[in-house]
Amino acid sequence: MKRVCLLTGRPGTGKTSLVKQAVAELECRAGGFYTEEMRSRGIRLGFRLVTLDGRETVLAHIDFSKRHRVGKYGVDIEGFDRIGVTALLRAAEHGDLVVVDEIGKMEMTSADFRGAISGIIAGGKAVLGTIMLNSNPWADSIKCQPQVNLITVTRDNRSQVLNGIRNWLETVESLICPVF
């Protein structure tokens, strides 16, 4: 059984929503983070990172004058490493499931993030997450690893994908969750 389940697909297909819904139904200890858009009057201003234990930081914003940029957004690598990468490492050490939404261009500007993801996957930890659709050498190397189950999400297959994630999680939970 593949211990890593990564969703990919075009923006707006509901990948993050599927991850949130699946995690809400879990009975195991999960840790990690998800990202969400920051909007004002219909205009996307940036992205917020929220950990499963409630910590948050602004990952990227149009008003950030940071050295690392993705498109029009300045990326706060230090804040991301402090909150996001720490959440991943904590989940890998103390949790049953690592949640990472997402493995994308902004997140990959952090060397600590790339190292954490590589180590978590190589270490055999169960991972549920999302990964960018477009080709990128590092992201592509993650997608093609033998322990990764890569699922493409479309607007038409969302319900089937959710059922697939639930089935995968049931199998994973039977292996990773302590029995009381």
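Modeller: Let's start with Glu102, which is found in strand β7 (residues 97–103). Strands here are DSSP runs of E with at least two residues, helices are runs of H or I with at least four, and the numbering starts from the N terminus. Keep in mind that this is a predicted model, where local features need pLDDT of at least 70 and side-chain atom pairs count only at pLDDT 80 or more, while totals for chains, interfaces and linings use all residues. Residues are numbered from 1 along each chain as its sequence is written, and side-chain values use heavy atoms, with hydrogens and water left out.

The peptide bond leading from Asp101 into Glu102 is cis, with omega near 25 degrees. Who touches this stretch? One partner is Thr130, which is in contact with Val100, Asp101, Glu102 and Ile103, and also with Leu6, Leu7, Lys15, Thr16 and Val19, once neighbours within four places in sequence are left aside. Contact means heavy atoms within 4.5 Å. Thr130 itself belongs to strand β8 (residues 126–131). Is Thr130 buried or exposed? Its relative accessible area is 1%, so it counts as buried; the cut-offs are under 20% for buried, over 50% for exposed and partly exposed in between, using a 1.4 Å probe and protein chains only.

Val19 sits in helix α1 (residues 15–24), where it is buried along with Lys15, Leu18, Ala22 and Val23. Looking down the axis of α1, you'd see these buried residues fall within an arc of 125 degrees, so they line one face of the helix. The arc is taken from the directions that run from the helix axis to the C-beta atoms. Here's the handy background: an α-helix has 3.6 residues a turn, so residues three or four places apart point the same way.

Lys15 is also a contact of Thr8, whose other partners include Ile131, Met132 and Leu133, plus Leu150, Ile151, Thr152 and Val153. Thr8 lies in strand β1 (residues 4–8) and is buried, at 2% relative accessible area. A polar atom of the Thr8 side chain lies 3.4 Å from the backbone nitrogen of Leu133.

Phe113 is placed in helix α4 and is buried, with a relative accessible area of 0%.

What does α4 pack against? Helix α2 (residues 77–94) packs with α4 (residues 111–122) at an angle of about 10 degrees, and their axes are 10 Å apart. That makes the two helices roughly parallel. Axes are lines fitted to C-alpha atoms, for helices over the stretch in contact, and angles run from 0 to 180 degrees between N-to-C directions. Under 35 degrees is roughly parallel, over 145 roughly antiparallel, 65 to 115 roughly perpendicular, and the rest oblique. On the α2 side the contact is made by Phe80, Asp81, Val85, Leu88, Leu89 and Ala92, and on the α4 side by Asp112, Phe113, Ala116, Ile117 and Ile120. By type, these residues split into nine nonpolar, no polar and two charged. Ala, Val, Leu, Ile, Met, Phe, Trp, Tyr, Cys and Pro count as nonpolar, Asp, Glu, Lys and Arg as charged, and the others, Gly among them, as polar.

One last stop is the Leu97 end of β7. Leu97 is touched by Trp168, as are Lys2, Arg3, Val4, Cys5, Val127 and Leu128. Trp168 has its place in helix α6 and counts as buried at 8% relative accessibility.

How values were computed: Polar contact = N/O pair within 3.5 Å; in protein donor to acceptor, adjacent residues only side chain to side chain.
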